[in-house]
Every structure is written in C-alpha cells, then in structure tokens.
Amino acid sequence: MSGNPYQDDRGNKDRTITNTGGSEWTGAVRSGGRAERVNGDGPFLIGDGMTGGYGTGANILQDCTISVERGEIAVIVGPNGAGKSTAMKAVFGMLTLRGGAVRLNGEDITRLTPQARVARGMAFVPQTNNIFTSMTVEENLEMGAFLRRDDISATIAEVYDLFPVLRDKRRQPAGELSGGQRQQVAVGRALMTRPGVLMLDEPTAGVSPIVMDELFDRIIEVARTGISILMVEQNARQALEIADKGFVLVQGANAYTDTGKALLADPDVRRTFLGG
Amino acid sequence: MDFLNAFVALANFVLIPATAYGAQLALGALGVTLIYGILRFSNFAHGDTMAFGTMVTILFTWWFQSMGLSLDPLPTALAALPFGIVVTALLLLGTDRIVYRFYREQKAKPVILVIVSMGVMFILNGLVRFIIGPDEQRFADGERFLISARDFKEITGLEEGLAIRTTQGITIITAVIVVALLFWFLKSTRTGKSMRAFSDNEDLALLSGINPERVVAITWVIVAALATIAGVLYGLDKSFKPFTYFQLLLPIFAAAIVGGLGSPLGAIAGGFLIAFSEVSVTYAYKKVLGYLLPENMEPEGLVQLLSTDYKFAVSFVILIIVLLFRPTGLFRGKTA
Amino acid sequence: MTRRDASLFVIVAALIAGTGVLQSWNSALAIVNMGLISAIMALGVNMQWGYAGLFNIGVMGFVALGGLGAVITAMPPVEPAWAAGGPRVLSALALGVGTIAGAVMLWRRMRKGPLRPAVLTVWLVAGFFLYRAVFDPAVQAIEAIDPAATGYLGGLGLPVMLGWAVGGLLAAGAAWLIGKTALGLRADYLAIATLGIAEIIIAILKNEDWLSRGVKNVIGLPRPVPYEVDLQESAEFLAQAEQLGLDPVIASTLFVKLCYAGIFAVILLALIWLSETALKSPWGRMMRAIRDNETAAEAMGKNVKARHLQIFILGSAVCGLAGAMMTTLDGQFIPSAYQPLRFTFLVWVMVIVGGSGNNLGAVLGGFLIWFFWVQVEPLGAFLMEVVTSGMTDGSPLKTHLLDSVAHMRLLTMGVILLLVLRFSPRGLIPER
C-alpha cells in the first residue's frame, strides 16, 4: 500500500475505466515560489551544491554541482545509477532539493516550478515520451511554442533548416517516425521557445551510431547559435569530445569536473569510465 | 419480389431510426471519450449529466412555451438548448471545483476518480429526480414529420410508407454540425491542439507551458455541451425519463470502448455500430421478407432475432467481439 | 477489533435500537435483516475490490441470479408445464451450449484464414436458428399452461435454504463465464463486462417467462421459518406472547424476523470467519502480494489471472448467496425491482464507506448505509415538513418539495460517499 490513500488503486488494471497515460512526475516543485536576483557573476546556469531526491524519498544527490556557460556544451557522464539524469532533473525543478540552489542568468530560480523555468528560457527534452506521438510533426513544434504569442513561423523554419527531414514529414504523426527522427522532433519542440539553455536527457539512447553522430553535429550547431547545452550522455567518449565542459558523477556527487578534452586525457577518468 | 418496397420498409424501421439513435449515442460517447482522454477516468455520472442537461432544457422549454415563444415548425427545445448547455457547464465546472480538483492535486489514481464519479452520479441522479420527478416527460412540439408515411405513399405511389420525423432530421443535422465543430476545434485551434497534446502526453504538455487546469475546464464545458445536446436529441426523439438516461450509460460506454477509448473518431464509429446492431437485431423482419420472398414462402413468425428487451445484450456482445480481436478498439484508443 | 471499531459498531447498533424505540421494533428488525444481507453483499464485493482490485459493477446481476436460484429450487414444480415442454426446453438449452462450445472448438481447431470466420458465422447462424426452432414452441407450450397462476416450469420443490447454495452456484457459474472472457483478454475489461452482463441477466429474467414468470413475478416462496398465521393459531405461542405482554400479531411478526435474523447472522459470521481465515492463510497472503505488486508476483511464478478469476468467482458467489437470502426474506421474486443504483452502486457505497479491504468494515458499511437508505426518507420528510411549514398549504412548491422527498436518499448516498472518499479515503475501518 502506498502512503497516499488516494494513490492506492489496489492493483486495478481495468482499462475500460482508467487511463494510465497521466503524469508520471512525482516530486516536481509544486506551487511556485518566486525567482530572486542574486549578486555577483556566475555561470549562465548553475545547480550549486544540490542535495535531494524524488518526493519524500532518500537523497540521491549529495552536494552536486552542475553548470554551463552561455553558448557552451556541458555534458554529465558517469556510471549507471550515478544520478546523472537526477542531477539534470534537479536543475529543472523536478525533484525536491534539500540543499543547494539553482541560478539562471543571475536569478535564483530554486523555487520555481518546471513550467515557470520553461517560461524563463529553459528547455528540457526528456529521455522517453518526449514527443506527442498522435500529433503531426508541425503540431509538435507548435505545442513547443505554446507559451509564445508572437509569430512562430520563423522559428519553425529554423528548426526545419536544422533538421531538413522534418520539413518533408511535417504532416505525419510524430509517432510514425524512426527513432532518430523522433529525437529530432523532440529537440525541435524544445527549441521552439527560443530557449537560453537546452537540456537533453540521453538524446542518443537507442539510436544507431550514424544517427548519433548526426545528432551530435546538430547539437553543436545549436550551441553555435548561442544556446547553452546541458546534456546527460551514456556514450561518454563521444559526448566528451564535443563538450566544452564535462561533469563525471559517482553516487550523486561530483567525481571529476574539467573541460571535455582534459577529462578525455585524464588517465583516471579513462581507466574508470571510458574503458581504457 | 419487390425490392423497392422492401427497402423502404427497411429504411423506415431500421436505417433511419438507427441513424438517429447512432448519432445520439455518438454524441454521448464523445463526452465519455473526452473525459477519459483528458481526465483519465470513465465518468459514471455521464448518463446523469445528460439527464441533468436535458432537464434544464425542458424547464426552459416549458418557460418559453408559457410565454408563448415558439420556433414553429421546429421544437421550442432548440431555443432552450443553449441555456441548458450553459447551466450544465456551470454545474460541471462547479463539480470539478468542489469534487474532482482535490483529487488531481493529490495525484489520485484514476480508479479513485471512477469511484468519485459514482458519488457524483448518485447526487445528480437524486437531483434530477428531486427537481423534475422520475416520470416520463415529452417536450417535443412543432411539426411532427418532415415526411409523413401517407405523403410518401402519395408521392411515390409505393405500398410502403417512409416517415421521417422532424426530431430524427434535427438529430442528424445537429449531430453533423456538432461533430464538425468539435473536430475543427480539436484539429485547428490552439486550445484544441493543447487538449490533444495534454491527452497524448501530460508531462510534455506541462513542459510546453500548457496549463492543465485550463485544459480540464474547457473539457468540462465541451462535455457539458455534448451531453446536453445528446440528451435533448434523445429526449426529443423518444422521451425524457431519468432512469432511461442512467441506463444509456451501457450503450454509450460500449460505443466509446468499441471505438477505442480516447479516440473521438472511434466514439462516433462505435455509436453507429452499436445503434445499428441494436436496432437491426431486434427488428422483426416479417414485413421486409414479405416483400422479398415469393408469396408461398412468406414467414409465419415475426422473424425477430431477439426481443427488444435484449438490446443491451447486443451492445455487450458487439463489445466483447471487438475487444477479442482488437483490444484497443476500432480506432486504436488508449485501452490496453 | 480495536476499541474504535467496536465503538463504531456500537453506534450503528444504537442507531438501529433508536429506530426500535422511536418507530417500532418491527422496523428495527427489518433494518437488521436487510442489514445482514447487505453486509454479506458488501463482503462479496470487498473480496473482489478489497483483496484483488477487481472492479465489479454488475453486483445486481449476481444478486438476481441468487434470487433465481431460490425460485428454481424451492418453488413446487408445475407438472403440466414440465409435461408440455420441459424436456424440450432443456434440450434446446443444451443445443445452445453445444453450438457455442462447437464454435469455440472450430475457432481453435481451424487454421487462420478467410475460411475460419466464414465457417464460424455459418455455424453460429445455423445453430441459432436450430436453437430457436426447438426452443420457441416449447416456451409457447409452457407459457400457455395457466398463465395467470403459473405459466412457467416452477422449481424443484426442495427446501429453500438449499436454494441459497444453488443461488451462490448460479452466480459463481455466471462469474466464471464473464471472468474467463473479460479477464482472459489482453487487458482487463471486467468493469464494462460486469456492467453489461448484469443488464443482460435482468433482461433474461424479465423476458423468459418459462423460467421465472418474467415480469409476472414469482410470489409465495416457501420459507425456512414459521408463518405468522400459524404462530397466531398455536396455543403455545399465544401463551408465551401473553406472558411477555405482547400483542399476538406483533409477537408473531417479531418472532419470524428474529428467526431470519438468527439464520442470517450465523451465515454472516461464518463467512467473516472463513474469509478472515483465508486472508491469513498463504492463499490470502498471495492475493495481497498480487494486488500490491502484480509484476513481482508474476515474476515469482504466481498465476495472476487464475487467482483473479478465483476471487472473482468467490465474491460473486457470496453476492448470489445474499441475493437468494433476500428473495427468501421477501418471499417473492420481482425481476423489475432490480435496479443498478440500489443493487450495484449502493453495495459499492457500503464497501467504500466501511473500508475497502477490511471485512469488518464492509459489514459495518452494510449496516450503516442500509440504515441511512431506509431512514433518510422519514428524516427527509420531517425536514421538509419543517422547511415548508411557513409556506401556504397547497402551494405548488410545497407540494413539489414534499413529493420529492423520496429522491433525497440517492442524493444523500452520493454525499456520504463523497465525504468519506474525501476525508477518510480508507473508509471508517481501514485495512490493516
């Protein structure tokens, strides 16, 4: 039995009366606090000394710091279960922080809901379920720009320029596309808000090496337009190659932090995480 | 052999009534399927919501009639319909505010919401009976027929008459307009798309800045309109009785599930499938066969496959057959 | 049982006792008897929902089947009807079952392809017409035998308490059929399946006059307890009534109700004991393990579907038993009296209010909700009298309000259910 009696469904699986497609978030920051200006310079986006876990659960992150500068690519790598995705979700406000702070562009946004962070220029591409499968490619992009009230056609054109294949498939339901194309839709959707920072949770999970290289090229292109990229990656070596900065996490804490090149050159990192 | 008369008889007793009934079921099932898609539970109070909306419309109709207002030759109820929708929408929004919203904040499991909707069902059921009573009410006025059987016989010279009641005509036209509007809304407007997005992937919709409370509120308003229209059309076509409306829940659920829960197109297809099966299986084919077969082979009995009392059985059997072969329903809804 | 649970039961007992003092002991005992039956129904639904999370919204159908069980067991057989068409009806039914069984066989044996559905359709259509050809004349013959008094086959003339078991078995059989189909599909479709089958069972009972006289109802079911008239003629009973200072008529009705209460209470206690024992056994632990984590239970090699089917049949059988007891208590079987709000959803209110997953809770809910179901009307009438006392007599609003009191009970049930779900979601006696 779960702690919350309203969440006890007694194992009922009757799909004629219940739809399981609802929200899967558990610990997201609920009612929004306010953002506060903070003094001093810092990185464009930083999750500073974050400690916390999902909902009321145990701490997964221990004093973990993740940051990214404007227009740079930062990559979070580490072994399975190191809390890579959790760290990124913490930056995005999807879990309860018991210590530390998140600052964006000189503002403390620790108490903002994920939605409010989107409005402030953060865009997030979840690892799974990151597109509206029943909607067309173009509708996916339109939904990405839901908060914008201005003309979005230019941004749509930019996304199509970045991912030309999507232009041909714009009237097709996104759920019918291949894995790599779906990821392009997901990234495109996130870019529609014209974010300051784009956060990607394992964008290359389950795609072929060729598609992966292609996707990384696009991500570099996005970064060149001045958008910061914060990315969790399973393919550590390839990711570090394109990264300006790398964070190696172990058990929810920072193990190594350096530039991508330096980490690739570091013998300890190579031996422990990159397989020699 | 008399194909023409046989066809006219079939149209008169099966095709036209089933089309009207199918349109009513489809509108009802659309409401159920929208709630399932957005609020993620099957709303047991839907039949009683239809009854409530119809009741309000009837009360307005009586009031208009007492003031001498009339749309002759159309039924006065059509003028009262918008008021019925508004009151029902306010009721549903109020119910959401007082009852359902709390469970959303608690992130309650859908099955809890199903049980909650049972409570709402009891309350609405009691409320309707309390206000208008449990008895049958007829509120159709205006011209009774578009084409009466006698006129049809005179015009065509056929032996068999074909009658189209005004209410059947109104039902079909209204249903077409409502469905077209609904699909245009869902396909082409920003708000409609945001509803589809929310139904498709709730978390991603939140990430895109779609306000869930707004989506839910709009859904209730649309459901109020669909339920009231479906209820009023059914009441005009047949008659209004609270218990009958409660019982409509089974064919409506069956239609929504057969079509694929969460799929609006499926709800419509399901509505017509259920209606046509119900009417055609419980119709006595003696007359039709009488025209088709040579005289010495005319059937003795009524040639009725099942007594009309078994119409619920028909919806149910269709449902089981469809689910056995296509667990997600005809239009791949979210079941299974 | 904790002190809090005990005090809840005391409160309900006090409410019923209050009825005895303020209204009459006859009404109080009537509430007790139907409360006992309601408690058994709630136990049945609680097994399904509380132990296994199965959503049965066709309780009405199982209850009605139970009633049918009592009728076909206890009513005297109508010999001329049997002679007229009994064997023929039975062979028609056998033919129907054979057709369906044959269809299932065909489906399994034949290879996939366009031929299979075609052959199946021909088989089923031919079977249907053959069935009707055998069935219809037999039914006509049976229903022609003295339709005002019988017009049906009657029962087996056996003791009515045997009919309670038969009622349970009939419900179990129906549950097996539904469960096999609805739980066997890839996903679980039990809710809509039970909703549908309940309506179908009622339609059959209303329509098949040869079976249970349809809407002409079966009255005068035999009783397991003495009749009031006989008691009033027994010198011994009259003497005892006089000793207690009771009017013989009242004494006899009270005595009959007490007899029923005794029998029902024994059955209820036995059921509670059985289900508590089962719940504490390895079987019960497995059921809860499946409910709390189906995936894990499946991984451990538990056959989840078979367990679900098992508990669905058990719970339905209990509902059928309660239905047979109710028909016996009423002394008549009235198919049109079965309404989903009263026999399906009200039982759900009992379970939820009492406490899902807790047998004592279900029992408490059964008594409490039945008490309210009966007493809301007089209470509401009293309230309305007070509210409308200021209005002029004969004003349309006043008349309407007073007439509508009868519908207050549905409203009240909804309010009770919503209040409990909101403020005490685990029910009055939570599962532990």
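Two strands are taken to pair if DSSP finds at least two bridges between them, and strands (E, at least two residues) and helices (H or I, at least four) are DSSP runs numbered from the N terminus. On that basis, chain A holds an open sheet of 5 strands in the order β1-β6-β5-β2-β3, with antiparallel pairing. Because β1 (36–37) and β3 (61–68) of chain A stand at the edges with a single partner strand each, one side of each is left without a neighbour in the sheet.

This is a predicted model, in which local features need pLDDT of at least 70 and side-chain atom pairs count only at pLDDT 80 or more, while totals for chains, interfaces and linings use all residues. Residues are numbered from 1 along each chain as its sequence is written, chains are lettered from A and ligands numbered from 1 in the order in which they are written, and side-chain values use heavy atoms, with hydrogens and water left out.

## Strands and turns of chain A

Strands of a sheet pair through backbone hydrogen bonds, either parallel or antiparallel. The loop between β5 (96–104) and β6 (107–108) of chain A contains A:Asn105, a residue that has a positive phi of about 50° although it is not a glycine.

Strand β4 (residues 73–77) of chain A runs parallel to strand β10 (residues 245–250) of chain A, and 4 bridges join the two; here A:Val75 has A:Gly246 in β10(A) as its bridge partner. β10(A) also pairs with strand β11 (residues 253–258) of chain A, this time in the antiparallel sense and over 5 bridges, and the bridge partner of A:Leu249 in β11(A) is A:Asn254. The hairpin of β10(A) and β11(A) has 2 residues between the strands, and in this hairpin A:Gln251 takes a positive phi near 50°.

The size of an interface is often given as the accessible area lost when the parts come together. A salt bridge is a side-chain nitrogen of Lys or Arg within 4 Å of a carboxyl oxygen of Asp or Glu.

| Interface | Residues in contact | Buried area | Share on carbon and sulfur | Salt bridges |
|---|---|---|---|---|
| Chain B and chain A | 39 residues of chain B, 39 residues of chain A | about 3600 Å² | 57% | 3 salt bridges |
| Chain C and chain B | 46 residues of chain C, 46 residues of chain B | about 4100 Å² | 80% | 0 salt bridges |

Between chain B and chain A, one of the salt bridges is formed by the side chains of B:Lys109 and A:Asp9 (3.9 Å, N to O). On the side of chain B that touches chain A, the elements giving two or more residues are α1 (3–38), α3 (77–105), α4 (110–132), α7 (190–200) and α8 (202–207) of chain B. The residues of that side divide into 19 nonpolar, 8 polar and 12 charged, where Ala, Val, Leu, Ile, Met, Phe, Trp, Tyr, Cys and Pro count as nonpolar, Asp, Glu, Lys and Arg as charged, and the others, Gly among them, as polar.

Across the interface of chain C and chain B the rule finds 8 residue pairs in polar contact, again with both at pLDDT 80 or more. The side of chain C that touches chain B draws at least two residues from each of α5 (115–144), α7 (190–207), α15 (340–354), α17 (396–403) and α18 (408–423) of chain C, and by class this side has 33 nonpolar, 8 polar and 5 charged residues.

## Further features

A cis peptide bond, with omega about 10°, joins B:Asp72 and B:Pro73, and B:Pro73 is found in the loop between α2 (46–66) and α3 of chain B.

Over all chains the structure holds 28 salt bridges, among them one in which the side chains of A:Glu138 and A:Arg170 meet (3.8 Å, N to O). Since A:Glu138 lies in helix α3 (residues 137–144) of chain A and A:Arg170 in the loop between α5 (164–168) and α6 (179–191) of chain A, the pair ties together parts that are 32 residues apart in sequence.

Notes
Contact means heavy atoms within 4.5 Å. Buried area is the accessible area (1.4 Å probe) that two parts lose on being put together, summed over both. A polar contact is a pair of N or O atoms within 3.5 Å; within protein, one must be able to donate a hydrogen and the other to accept it, and residues adjacent in sequence count only if both atoms are side-chain atoms.
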